Amino acid sequence: MMKSQDEKKYRAQLNEKLDALRDSIQTKKINVLENEESEGKDEGDLAEQHLNRDLLFHLSANDRRVALEVLAALERMDQGTYGRCEWCEEPIEPKRLDAVPWARMCLLCQEEQEQASKAGGVAELAEELSN
Ligand SMILES: [Zn+2]
């Protein structure tokens with residue numbers, strides 16, 4: 001289990017990243033939220049509700065991928081599985097989380113997966129692991 005002060009730190013970093021992504025949308029002068037808020041619903045709730053969709057809709061493909069990873073990481077935090085590798089279930093290296101707070105996998109698994117996708121997919125990885 002991750003120390004709560006560490007988790008706080010990473011949560012802050014994740015939220016910062018989301019803010020940065022949101023800012024990048026705002027600099028494009030897209031006002032989707034404003035239009036929908038004029039329907040008279042509560043501003044705060046609506047902003048929450050539309051955050052994910054708007055983020056994803058207006059971001060470049062790469063930013064969208066990062067936004068999804070950040071949101072998934074925050075979800076894992078709520079579920080108490082943050083900081084644990086999704087593959088081998090070992091804790092992810094703190095250095096790695098410092099560099100990439102939304103990392104899903106430990107370095108080893110990440111590398112294995114990258115090699116597998118380069119080699120043409122999961123089938124090869126399964127073969128490799130069975131040897
Ligand atoms: Zn792993």
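**Helix packing and burial**

Reply: Gladly! Let's start with a helix pair: the axes of α1 and α4 are 10 Å apart and the two helices pack at an angle of about 150°. Axes here are lines fitted to C-alpha atoms, for helices over the stretch in contact, with angles running from 0 to 180 degrees between N-to-C directions. Please note that this is a predicted model, where local features need pLDDT of at least 70, side-chain atom pairs count only at pLDDT 80 or more, and totals for chains, interfaces and linings use all residues. Residues are numbered from 1 along each chain as its sequence is written.

Me: Why are α1 and α4 called roughly antiparallel?

Reply: Angles under 35 degrees count as roughly parallel, over 145 as roughly antiparallel, 65 to 115 as roughly perpendicular and the rest as oblique. The angle for α1 and α4 is about 150°, and therefore they are roughly antiparallel to each other.

Me: Which residues of α1 and α4 meet?

Reply: From α1, E7, R11, L14, K17, L18, L21 and S24 meet D63, A67, V70, A73, L74 and M77 of α4. Contact means that C-beta atoms, placed from the backbone, lie within 7 Å.

Me: How do you know that the span of α4 agrees with its 19 residues?

Reply: The expected span of a helix is 1.5 Å times one less than its number of residues. For α4 (residues 61-79) that should come to 27 Å, and the end C-alpha atoms are 27 Å apart, which agrees. Helices are DSSP runs (H or I, at least four residues), numbered from the N terminus.

Me: What makes the buried residues of α4 line one face?

Reply: A residue is buried if 20 or more other C-beta atoms lie within 10 Å of its own, exposed if 12 or fewer, and partly exposed in between. In α4, A67, V70 and A73 are buried. Seen down the helix axis, the buried residues of α4 fall within an arc of 120°, so they line one face; the arc is that of the directions from the axis to the C-beta atoms. On the face turned away from this buried side, α4 carries the exposed residues A61, R65, E75 and Q79.

Me: Why does M2 count as partly exposed?

Reply: M2 has 18 C-beta neighbours inside 10 Å, so it falls in the partly exposed class. M2 lies in the segment before α1 (4-26). Leaving aside neighbours within four places in sequence, M2 is in contact with E7, Y82 and G83.

How values were computed: Two residues are in contact if their C-beta atoms, placed from the backbone, lie within 7 Å.
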